[in-house]
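Please look through the sequence and the three-dimensional structure below, and then follow the explanation from the aromatic rings to the charged pairs and the surface.

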Amino acid sequence: IISGVTAVVVAVQGVRAARQAVEREMMASLDSVSASLVSSFESTRLRVERQLLVFQRMLGELPSPDGTMTETGTAGEVVTVRAGETILNGNTSVLQRMRSYTGADPELIVRHNNQWIRAATMLRGADGQPLTGAAVPTDDFIVKTLDTSTAATNLVYRGGRWYAMHVRPLKDDNGKIFGGLTLQVDLSDDVAATLKYIEGSTVAGFGSMYALTAGTNGTAEFLVHPTYKGKLVSDTPEADRPVFQEIVDHDAGFIESKLTTDDATQFVAYKTVPNWGWTVAATGAKSDFLAAQYKQIGLVVALLLISGILTGLVVFARMSFALRPVRDVVAGVTRLGEGDLTRDVPTGPVGSNNEIHIMAERINATRVRIAQLAQQMNATGSQVAVATTQTLQALNQIGRGTEVQSEAASGVAAAVEELTVSVSQIADSTRGANGFSKASGTAGEDGTGV
């Protein structure tokens, strides 16, 4: 029983330890990918920040408003921004020169009518028209950064391509933010190589990886996935969406899940990559990850059970041998219980410290005392028997004396009876004499009369 319980505990703890080992291994794989992406981002950040400094040197001076207004694309009249003598509003030549030198695309952003507009840009809309004068969307990284008045670098996803973008706010002579310079570098090829690496990665020998962008309410997009690549979370089966959304909403974690496309329960480890905003996940069948551990646990459990059985048999044999004197003691005690006080209970060697042998010696001492007491009781019984015999003899003599007395009493009674008869006869004679006397008296009286 103890071996069985131990085996169960070992099995449970083994499965738990195996699960934790798989979790550590999967998270280690994600940490490796995350560290690689973070390192790539840091090198890219330094690159775009240096290139923006290059662009500022190309301008000669920091851009600043001159207090006038200039026609700027679809926005109309916008505050004029100069770099030295060069007006930057709608000026794409200086931007094109920067692109030709470095491959980066700079922009000038200006505050206008409580909006941030593109005062100088080489971007074009879906219709192919320049976006000069167009307002920057309020959820764009540019707007969020300028609203905080702090320079920042991040990765942005536009038109199916990835860019590293650096945004630097610009202040006027009064220290007020009037606009900003941005510079973006196309990283699509680098990102594609990274995604290909993630797609081909194997985790812990069995699992695979996939990646999603950030997003809420099902708007996260699958960058890598064997089934949903290029689709949104909202495009997946409704029953699976909570699992994917949980992965996107949390920074890191380890869960078990079974999606509609899965044949078995899956382990899923996930981690959000800083700066990139991606969530990288590793997944694989639970049974595959734990197959080797199950075999090891089974082997350990089997060894425990076998060793438990062997130990039980050895203990049984040893106990049987050790308790053999007990059976002899029990037999001796049984004889004592049946009244046989003639034989001792078997004992061990003289001076033995074995508790069984000591107990047998105590039982034998008790048997001797009981035998002595029985002998004393037998002697006393004999004396009582003699006294009883004498008492019976005395009683017999008393009985015989009583019979004699009874016979004497019977003689006395007969004599008394005879005396009573004699008295009765005398009385009768007396009455007769008395009658005769009366008759004689009467006759005398009669004679006298004559």
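Phe222, at 1% relative accessibility, counts as buried, a class that means under 20% relative accessible area, whereas exposed means over 50% and partly exposed lies in between (1.4 Å probe, protein chains only). The model is predicted, so that local features need pLDDT of at least 70 and side-chain atom pairs count only at pLDDT 80 or more, while totals for chains, interfaces and linings use all residues. Residues are numbered from 1 along each chain as its sequence is written, and side-chain values use heavy atoms, with hydrogens and water left out.

A search of the whole structure finds 9 aromatic pairs, where rings of Phe, Tyr and Trp (its six-membered ring) pair if their centres lie within 6.5 Å, and planes under 30 degrees apart count as stacked, over 60 as edge-to-face and the rest as tilted. The rings of Tyr210 and Phe222 have centres 6.4 Å apart and planes at 50°, so this pair is tilted. The pair links distant parts of the chain, with Tyr210 in strand S10 (residues 207–212) and Phe222 in strand S11 (residues 222–224), 12 residues apart; strands (E, at least two residues) and helices (H or I, at least four) are DSSP runs, numbered from the N terminus. Tyr210 also counts as buried, at 5% relative accessibility. Elsewhere, ring pairs link Tyr157, Trp162, Trp276 and Trp278 into a cluster.

The charged side chains come next. The whole structure holds 11 salt bridges, each being a side-chain nitrogen of Lys or Arg within 4 Å of a carboxyl oxygen of Asp or Glu. In one of them, the closest N and O atoms of Asp31 and Lys271 are 3.6 Å apart, and this pair links distant parts of the chain, as Asp31 lies in helix H1 (residues 2–59) and Lys271 in strand S13 (residues 266–272), 240 residues apart. Asp31 counts as partly exposed at 36% relative accessibility, and Lys271 counts as partly exposed at 22%. Another salt bridge joins Lys286 and Glu256 (3.4 Å, N to O); because Lys286 lies in helix H6 and Glu256 in strand S12 (residues 252–257), the pair ties together parts that are 30 residues apart in sequence. Salt bridges that share partners join Arg19, Glu256 and Lys286 into one network.

Helix H6 (residues 286–322) also contains Ile309, which is exposed, with a relative accessible area of 54%. By contrast, Ala282 in strand S14 (residues 279–285) counts as buried at 0% relative accessibility.
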